[in-house]
Amino acid sequence: MRFFLFILLSFNGLQQSYGQCEPVSAIQEPGFETNVELPFYNSNEGPWLTNDGHIIDDETPHEGDFSFCFANGSISQEFDLLPNTEYLLTFWIKIPANESLSAGVYKSLSNGNVEKITSKRWTETSGWEQVSLPFFIGSDYLDLVLDLGGTNSCIDSFELCIVDS
């Protein structure tokens with residue numbers, strides 16, 4: 001399964017809601033620590049695909065040296081996952097008043113369109129907050145897109161896990 005990823009963080013403390021989670025190391029550069037050419041992320045060199053509406057924050061990251069901040073745009077990454085599996089994507093977000101951030105998992109269709117599997121939207125946070133996006137990959141999903149975008153908001157420290165039922 002091919003995915004495009006935009007945002008992900010750690011799932012500590014979220015396991016009670018979703019059962020036990022087995023970490024999956026499908027996401028490259030989960031904390032934006034390499035391929036940085038301040039003030040931007042170099043999407044020509046790294047696994048993340050970005051548009052011009054972003055900066056790399058080196059002053060107030062959630063952890064590590066950097067976080068990814070949207071001016072008004074999105075970020076994505078392709079990766080493979082197992083079919084017939086329930087996943088939990090967790091990440092940290094920082095959103096100022098009157099702004100928002102959204103994430104969605106979509107099935108890529110052969111005609112170039114997408115079909116929504118799940119999506120979620122978050123608004124103002126008080127500093128960094130951990131959020132989650134659970135989703136299920138069925139047997140008929142070939143290429144998936146995990147899409148994240150926002151305005152004046154930041155993301156950091158991605159983690160993905162398989163949820164044990």
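In which loop is D58 found? D58 is placed in the loop between β5 (54-57) and β6 (67-70). The structure is a predicted model, in which local features need pLDDT of at least 70 and side-chain atom pairs count only at pLDDT 80 or more, while totals for chains, interfaces and linings use all residues. Residues are numbered from 1 along each chain as its sequence is written, and side-chain values use heavy atoms, with hydrogens and water left out.

The chain contains one helix and 13 strands. Helices (H or I, at least four residues) and strands (E, at least two) are DSSP runs, numbered from the N terminus. Read from the N terminus on, the order of elements is α-β-β-β-β-β-β-β-β-β-β-β-β-β. The chain has 165 residues, of which 47% are buried. A residue is called buried under 20% relative accessible area, exposed over 50% and partly exposed in between (1.4 Å probe, protein chains only). The accessible areas come from the Shrake-Rupley method with a 1.4 Å probe, and for residues only the protein chains shown count as cover.

The largest nonpolar core has 32 residues, and F91, L101, I155 and L160 touch the most other members. At least two residues of this core come from each of β6, β8 (85-94), β9 (100-108), β11 (129-137), β12 (143-151) and β13 (154-163). A nonpolar core is a set of buried Ala, Val, Leu, Ile, Met, Phe, Trp, Tyr and Cys residues joined through side-chain atoms within 4.5 Å. In soluble globular proteins, nonpolar side chains tend to be buried together.

On the surface, E33, D58, E59, E63 and D65 form a patch of negative charge. D58 has a relative accessible area of 41% and is therefore partly exposed. Patches are made of residues with over 30% relative accessible area and no salt bridge; like charges are joined within 9 Å, and nonpolar side chains (Val, Leu, Ile, Met, Phe, Trp, Tyr) within 5 Å. A salt bridge is a side-chain nitrogen of Lys or Arg within 4 Å of a carboxyl oxygen of Asp or Glu. Lys and Arg count as positive and Asp and Glu as negative, whereas His and the chain ends are not counted. The place of a charge is NZ of Lys, CZ of Arg, CG of Asp or CD of Glu.

Some features of the backbone lie in loops. The peptide bond from L38 to P39 is cis, with omega near 10°, and P39 belongs to the loop between β2 (36-37) and β3 (40-41). F32, in the loop between β1 (21-24) and β2, has a positive phi near 60° although this residue is not glycine. F32 is buried, because its relative accessibility is 0%. N152, in the loop between β12 and β13, likewise is a residue other than glycine with a positive phi, here near 50°. The relative accessibility of N152 is 40%, so N152 counts as partly exposed.

Several pairs of residues are separated in sequence, and their C-alpha distances were computed. T85, in strand β8, and I137 are 52 residues apart along the chain, with 5.3 Å between their C-alpha atoms. T85 is buried, because its relative accessible area is 11%. E129 lies in strand β11, and its C-alpha atom is 5.4 Å from that of I93, 36 residues away in sequence. With a relative accessible area of 31%, E129 is partly exposed. S119 belongs to strand β10 (residues 114-123) and is partly exposed, at 36% relative accessible area. Between S119 and P134 there are 9.3 Å from C-alpha to C-alpha, at a sequence separation of 15 residues. N98, in the loop between β8 and β9, is exposed, because its relative accessible area is 78%. N98 and T151 are 53 residues apart in sequence, and the C-alpha to C-alpha distance is 9.6 Å.
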